[in-house]
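I am opening the notebook on this model and will write down what I look up, one entry at a time.

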Amino acid sequence: MTRQDVIQEIKTVIFNCFPDMEGQELTEDTVINTETAIDSMGFVLVICKLEALFDIKIPERQWAKLSTLGDVADAIMKRLPKA
Amino acid sequence: MRFDHFEDMLRHWAETTPDAPALRYGARTVSFSQLFETVQQRAALLRKSHKTCLGLLSDGSLDCVTELFAANIAGMQIVMLDENAPSVLLRQLIQYTDVDLLWGDEDLVEELSPALTQGVENGSGKILFFTSGTTERAKAVILTDHSLCQSAWNGSAKLPLAPEDTLLCLLPLGHVFGFVCGLLWGLSCCACVALGRGARHYIDDCAYYKPTTISVVPLLLGFLMKQKLLNQELKLILVGAGDCPPALLEAAAAMGIRVSFGYGLTETSSGVAISVKGDPYAMEICPDDTITLAEDGEILIEAPTCMMQGYYKRPESTAEVLINGVFHTGDLGRFDEEGKLHITGRKKDILVLSDGTKIFLPEYEAAIAKALGTNEIAVILQNNKPLLIYSGEANEQDLNKALLPLMTELPRGQRLGGIRIIEEPLPRTATGKIKRWELQQKG
């Protein structure tokens, strides 16, 4: 799975969790807190859904460091099994 | 029941109801007798270590709670640390509070160990909680197992739990509301406390443990309700540590769940007033406490059994707020005709967020101003999130980029929830202070 595929999956999860955001442009540089309607609890929901989707676990201590969509993608890529 | 110390509480239930479940954590359940025995054994080992101050990098687990009680019984000072806080801040806090032993995630303990100190004298019984501020202003509040036990009794006198109840503890134990109302409240009533399995399990802890009671902050309640995560066995929700929209409380009540609202501060070992029936915002004063209002409406609290000893190593800060045994809260309130307390606002430059944390605006705004290189900024609360108002030439993308390192260092709930760029200068008073209320009114 490529990084672009991962980013696309993140967007899909976000739009599923927050249907009001459907259509909003999200890029790697989108800052989750300031540029989306996702609050800290919403972020927990998104991460949990992504963990289930990719069958990975991102340690909770790392969550605080994930500020942008690209950060989330990096954290997922790092934990995906190598092809 | 009213207990003087943690040890008295654990011993009492171990002797009178030895087989009753005390704590659950995932598939593990321990009875009061098992808990007391384990705690005593661990306390004996800690005594032999000759360490004096335990920094607890709390993960809310069964082992964490056991360590906490054991260290207290062993006569150690305990410092409640947030394991998710940035390492640089944790190192500062360890040194500030004289920690000489750490408990927590092995890797984190190893990383932080070089910051350990020589320990402390006369720390016995003390438990230090940090005010939910940001960085430099974070102060350690000196509470004791005695004040915390009294606080738990104070709350349970108004809202008793039964031994058949299960209290789900979802909040961090490093937050005094989570500690007292998520843990001690249940144990002091001989109810079973189900320990939440971390933020990852917010989505399934209610279904897993089937609690009858939960204590939550407004943000978490909103999340649980929106995602329809509350279980049908739930009878009582205690909401505290932040402003809660009426719609949320009404929606919970409409589900047949009793909702109570609590008001208190870290400095008073948690709750001093609580709503029991009827209007959830109309709160009765807890039995050990006396609340009066200053001329300007500021809430003043006398809580002889629950009051903090002071801020750790900050006597000047203590003297500013604790005057002749009366705590000046900085909150504004009023009493209704029945003598019940209503919270009406804040006097200090503090934003109280719905996740129970606080932002000290002068410090927060100074950090943002430094990151952006301009003083033409202000922060207000909008939709329970901090909103940056910026007057200047930069665009939102550039502002976000400049603020990213600062925001990443902050707890997620305290990060900016949005940016508004305005063309006109910020409204200021004749003395140059920002007219925050004017910005807030504009929304």
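Before the entries, I note a definition: angles under 35 degrees count as roughly parallel, over 145 as roughly antiparallel, 65 to 115 as roughly perpendicular and the rest as oblique. I also keep in mind that this is a predicted model.

Entry on two helices of chain B. I looked up helix H2 (residues 32–49) and helix H3 (residues 62–73) of chain B, which pack with their axes 8 Å apart and at an angle of about 55°. H2(B) and H3(B) are therefore oblique to each other. I noted the crossing of H2(B) past H3(B) as right-handed. On the H2(B) side, the contact is made by Thr38(B), Val39(B), Arg42(B), Ala43(B) and Leu46(B). H3(B) contributes residues including Phe69(B), Ala70(B) and Ile73(B). I sorted this contact by class and found 7 nonpolar, 2 polar and 2 charged residues.

Entry on chain A. I found 5 helices and 0 strands in chain A. The radius of gyration of chain A is 12 Å, close to the 12 Å that the globule rule gives for 83 residues, so chain A is as compact as a globular protein of that length. Of these 83 residues, 34% count as buried. The C-alpha atoms of chain A fill a box of roughly 35 × 25 × 20 Å along the principal axes.

Entry on the two chains together. How many residues does the contact take from chain A and from chain B? I read 16 residues from chain A and 25 residues from chain B. On the side of chain A that touches chain B, H3(A) gives the largest share, 6 residues. The residues of that side divide into 7 nonpolar, 4 polar and 5 charged.

Technical notes:
Residues numbered from 1 in each chain as written. Chains lettered and ligands numbered in written order. Predicted model: local features only at pLDDT ≥ 70, side-chain atom pairs only at ≥ 80, totals over all residues. Contact = placed C-beta atoms within 7 Å. Helix = DSSP H or I, 4+ residues; strand = E, 2+ residues; numbered from the N terminus. Nonpolar A, V, L, I, M, F, W, Y, C, P; charged D, E, K, R; others polar. Axes fitted to C-alpha atoms, helices over the stretch in contact; angles between N-to-C directions. Left-handed = near helix turned anticlockwise from the far one by under 90°. Rg over C-alpha atoms; globule rule 2.2 N^0.38 Å. Buried ≥ 20, exposed ≤ 12 C-beta atoms within 10 Å, placed from the backbone.
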